[in-house]
Each structure stands twice: as C-alpha cells, then as structure tokens.
Amino acid sequence: MERLSGPLSQKSVQVALVAVLVVVVLKLLRKRLGNTGCKWPLDIWIDTYREDAIDPDLEIIDPHHHLWDPRYHPKGWPLPLPMIQAWYATTKPAVINKQVLDSMMKDHPAAVSSFVGRGLRAVPFVQPYMGQELELDIRNRDCGKRGHTVVKTVYLECGWDDQAVKEAMRPVGEARMAEQVHAQHPRLCNAIVAGANLLLPDVEETFKAFPNTTIIIDHVAEPLGIGSYTREGTFPLWEKGIRELAKASKHVYVKLSGLGMCRTGFHFDDRPTPPSSAELAEAWGPYFRVVLEAFGVQRCMFASNFPVDKVSCDYTVMWNAFKLIAANYSAADKRALFHDNAKRVYRL
C-alpha cells in the first residue's frame, strides 16, 4: 500500500479538519436552533402563575390556533434565511425581542399597540411557536399541575407560504407544514383553515347571497378597546351588531375567543403577573354571554387563538376561564361548546 506524502497529504488533513469543524458547528447550530437555552420573555412571565385544570376530563377541540417559526419563514423580514437562523442561534431571546420591537416601534407603531401591548413581551411572529410549543402549553407547561384534555385542534393559516415556488402555489407550503406537524403531534392540526381577505360592504347582503354557506365569525367580532375606542363606548355598538348577525343567517357561527388580544383593551398584558381564570371570566363573561344569548349554544365554540392571546394569559388558565363562564350550563351544552360544535362545523 502506498502512503501519501508531501503537500497532498497535508492538504488532505486540512480538508478533513475543516470538514470535521463544519460538522461540529452545524450540529451545535441545529441544537441551538431547536433550543436556545434561554426562555423568551413571554414564557418567563407566563410561568409566574399556574393553575390546575378545572374539569380536566372534559374533552376539548381547540378550533383556532396559529403556528409560526421565523427561522424558516421570516414573515417578510428582509434578510436571507441562513442569516436569520444564525441570528437566532447566537442571540439571546430577550435581545431578539428588543431588536425587532425597536424596529417595529419605528416603522409599525400601530402593530405594537395591537399585538405587543404595553407589557412589550410578545413581539408578533418573533418567538417560534410550532407543535412542540403548543403541546407544552396544552400539558400545562409540565409544571406538575393537570392540563386540559385537548383531543384535536384546527390550525388557522398564518401566511406560511412556500417562497421556493410560484406565487399561485405558495399556500401549498402551509398545508405541507400543517401535515408535518400533525404527523409528529397527532392531536394537532386535524384541520386547516385558509385565510381570505374579503371586503364585505354589507354583511347581511353577503349572507343572503350565500344562504347555505357556513360562515364563522372569529373572536366574537373583535370589539376594540384601544386608541380612540373604549370598551365602554364600543360595547353597546358591538352588542347591537352581534344580535343583528345572529338573526341574519342560521348558518353563522361564532368563536368565543380573541379577547386576550391587546387591541380589545383589557390590558392583562400590562400586569407584572398573569391573571387568574376567575379574573378572566369576570372580564370576558359579559361579552361571551351576549354572544351565547344571541346565537345559542349550538352556534358557538370556545377557542384559544394561541399564541396570539398568550400575551394576556396562560393556556390552561384561559380554558379554566371558559369553563367558569360555562359553569351553569348543562353537561350536554358544555360538550357542545368545548367539543361537539367544532367537530360538526369542521367535519372532524
């Protein structure tokens, strides 16, 4: 056997060492991308208050949640993905949060008011939230307290387009992502709802034009409570609109959700510790009761809107609040609100 010598052997050794170094760095980056080793500011806040699940054996279908991961879909950020991934791999979550927030405060202050809130903890689309993060929230963040029995979920599109294909085919990438999440976490993403920006000048006329079409109103029609809008001023107009919607078509359903968003003006995001389920039930109850009275139990369903509503409360605490609001309903009505209606409407 001949033995290599001279410059060729030295070059081979150098190439081999570089290859080993690249492999080691890539492994470290992959590990870091999966787990930064530091908590995000929102999770630090959320973990300061925990509750055991109320009525934990009641099966739940969560018919409204989102998923995103800016390391693989940058939400329009003007940076190449490898650069974003390297940034996440080498930068602490709190620093990433602040850098993006500073940019938003300069260029998109309205988005800060609507999504980030005065607590400045949860910057939209910055903290990765995929199947494993949602599972952790469902499990009550493995804190030793009981979580709720979530058996299925419905994923709502969040612009996870496949940038590698033509624009008309980009939504296919989102469906593929949801399918992959479902394969890894079978109780998640059992259905997917695509988004459509519909400019409806007259909602009632739209219902009349499509009388047999199932229409779902998200987040109790999002009553505003920030800026020039106050909850006290908005509530009467919102209630009037809800009651008119309920009469417009028997095929209209409403999700009892979304009041944790900053723009609804409850300001739980501004507190030093998260609210209890009793506090949430007291604040949100009047809104949900109007909807339940107008639409009836069979046309309503509770939903989390996580992680958007996570800016205001914990997942387990939120569902506890829903159960407190529904405490006086019959067992059959509770099954409808927490499970059966979503199963029927989404054909799960």
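Trp319 and Phe338 are both buried, a term that stands for under 20% relative accessible area, with over 50% called exposed and the range in between partly exposed (1.4 Å probe, protein chains only). The model is predicted: local features need pLDDT of at least 70, side-chain atom pairs count only at pLDDT 80 or more, and totals for chains, interfaces and linings use all residues. Residues are numbered from 1 along each chain as its sequence is written, and side-chain values use heavy atoms, with hydrogens and water left out.

**Aromatic pairs**

Rings of Phe, Tyr and Trp (its six-membered ring) pair if their centres lie within 6.5 Å; planes under 30 degrees apart count as stacked, over 60 as edge-to-face and the rest as tilted. By this rule the count comes to 18 aromatic pairs. In one of them, the rings of Phe235 and Trp238 have centres 5.4 Å apart and planes at 45°, so this pair is tilted. Both residues belong to helix 9 (residues 231–248), where they sit three residues apart, about one turn of the helix. Helices (H or I, at least four residues) and strands (E, at least two) are DSSP runs, numbered from the N terminus. With a relative accessibility of 7%, Trp238 counts as buried. The pair of Trp319 and Phe338 is also tilted, because the ring centres are 6.0 Å apart and the planes stand at 45°. Trp319 lies in helix 11 and Phe338 in helix 12 (residues 331–345), so this pair ties together parts that are 19 residues apart in sequence. Ring pairs link Trp319 and Phe338 into a cluster that also holds Trp284, Phe288, Phe302, Phe306, Tyr315 and Phe322.

**Helix packing**

Axes are lines fitted to C-alpha atoms, for helices over the stretch in contact, and angles run from 0 to 180 degrees between N-to-C directions. Contact means heavy atoms within 4.5 Å.

| Helices | Packing angle | Axis distance |
|---|---|---|
| Helix 10 (residues 277–295) and helix 11 | about 55° | 8 Å |
| Helix 9 and helix 10 | about 20° | 9 Å |

Angles under 35 degrees count as roughly parallel, over 145 as roughly antiparallel, 65 to 115 as roughly perpendicular and the rest as oblique. Helix 9 is therefore roughly parallel to helix 10. The contact between helix 9 and helix 10 includes Phe235 and Trp238 of helix 9, and Tyr287 and Phe295 of helix 10. At about 55°, helix 10 is oblique to helix 11. Among the residues in that contact are Trp284 and Phe288 of helix 10 and Phe322 of helix 11.

**Sheets**

Two strands pair if DSSP finds at least two bridges between them. Three bridges join strand 2 (residues 149–156) and strand 3 in the parallel sense, and Leu156 has Val193 of strand 3 as its bridge partner.

Another open sheet of three strands has the order 4-5-6, with parallel pairing. Its edge strands are strand 4 (215–217) and strand 6 (300–302). Strand 4 and strand 5 (residues 252–256) run parallel and are joined by three bridges; the bridge partner of Ile217 in strand 5 is Val254.
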